[in-house]
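Keep the 3D view open as you read.

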Amino acid sequence: MSIAKYIPDDLDRRLIAHLRADGRASLAKLADALGVARGTVQNRLDRLMETGTLLGFTVRVREDYDEQTVHAVMMIEVVGKSTTQVIRKMRGLPEIYSLHTTNGNWDLVANIRAVSLSDFDRVLREVRMIDGVANSETSLLLSSV
């Protein structure tokens, strides 16, 4: 028996939008902004977490806050059917800011953030040593325009 995937409705989408803008907003503030009861917001948040729609909450910082951080994009080719294994290993690296599956010549695209060039070099080596990684190409992001 398979469980149906939860599909957020309009209220859920509006709640998520408010949380993207302010992940620390109180239940009362969210309820006021959405025009619903505080209990409704709590129930919706609980359901979004339980269904895996919301995976957690994070912190966003000003772009200039981490100017010294090394930012890069890494394209990764995976051998055969080892994508799941490679993803699992890559998720364990704290410098992997985001990871995406893609089509075309590359199987995965990783957004890397490292505190120094030596840490960046270590991350590249660690990714390339993961069983199932066949090839990669990495580009440093120099400036935002």
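Contact here means heavy atoms within 4.5 Å. The model is a predicted one, where local features need pLDDT of at least 70, side-chain atom pairs count only at pLDDT 80 or more, and totals for chains, interfaces and linings use all residues. Residues are numbered from 1 along each chain as its sequence is written, and side-chain values use heavy atoms, with hydrogens and water left out.

Helices (H or I, at least four residues) and strands (E, at least two) are DSSP runs, numbered from the N terminus. Two strands pair if DSSP finds at least two bridges between them. The open sheet has 4 strands in the order E2-E3-E1-E4, with antiparallel pairing. Its edge strands are E2 (96-101) and E4 (133-140), each of which pairs on one side only. From one strand to the next, the twist averages 20°; axes are lines fitted to C-alpha atoms, for helices over the stretch in contact, and angles run from 0 to 180 degrees between N-to-C directions.

Now follow the pairings. E2 and E3 (residues 108-114) are antiparallel over 5 bridges, and Ile 96 stands opposite Ile 112 in E3. E3 also pairs with E1 in the antiparallel sense, over 7 bridges, with Met 74 opposite Ala 110 in E3. E1 and E4 run antiparallel too, joined by 7 bridges, and here Ala 72 faces Leu 140 in E4.

Is E1 largely enclosed or open? Buried means under 20% relative accessible area, exposed over 50%, and partly exposed in between (1.4 Å probe, protein chains only). Because 7 of its 9 residues are buried, E1 is largely enclosed by the rest of the structure. Helix H4 (residues 83-91) lies across E1 (70-78), E2, E3 and E4, running at about 10° to E3.

This brings us to the cores. A nonpolar core is a set of buried Ala, Val, Leu, Ile, Met, Phe, Trp, Tyr and Cys residues joined through side-chain atoms within 4.5 Å. The largest has 20 residues, of which Ile 76, Met 90, Ile 96, Ile 112 and Val 127 touch the most other members. The elements that give two or more residues to this core are E1, H4, E3 and helix H5 (117-128), and E1 supplies the largest share, 5 residues. Look closely at Ile 112: beyond residues up to four places away in sequence, its contacts include Met 74, Ile 96, Phe 120, Val 123 and Leu 124.

Asp 12 is buried, with a relative accessible area of 0%.

Met 49 lies in helix H3 (residues 38-50) and, at 37% relative accessibility, counts as partly exposed. Not counting residues up to four places away in sequence, Met 49 touches Leu 54, Leu 55, Gly 56 and Phe 57.

Finally, turn to the largest pocket, where H1 gives the most to the lining, with 4 residues.
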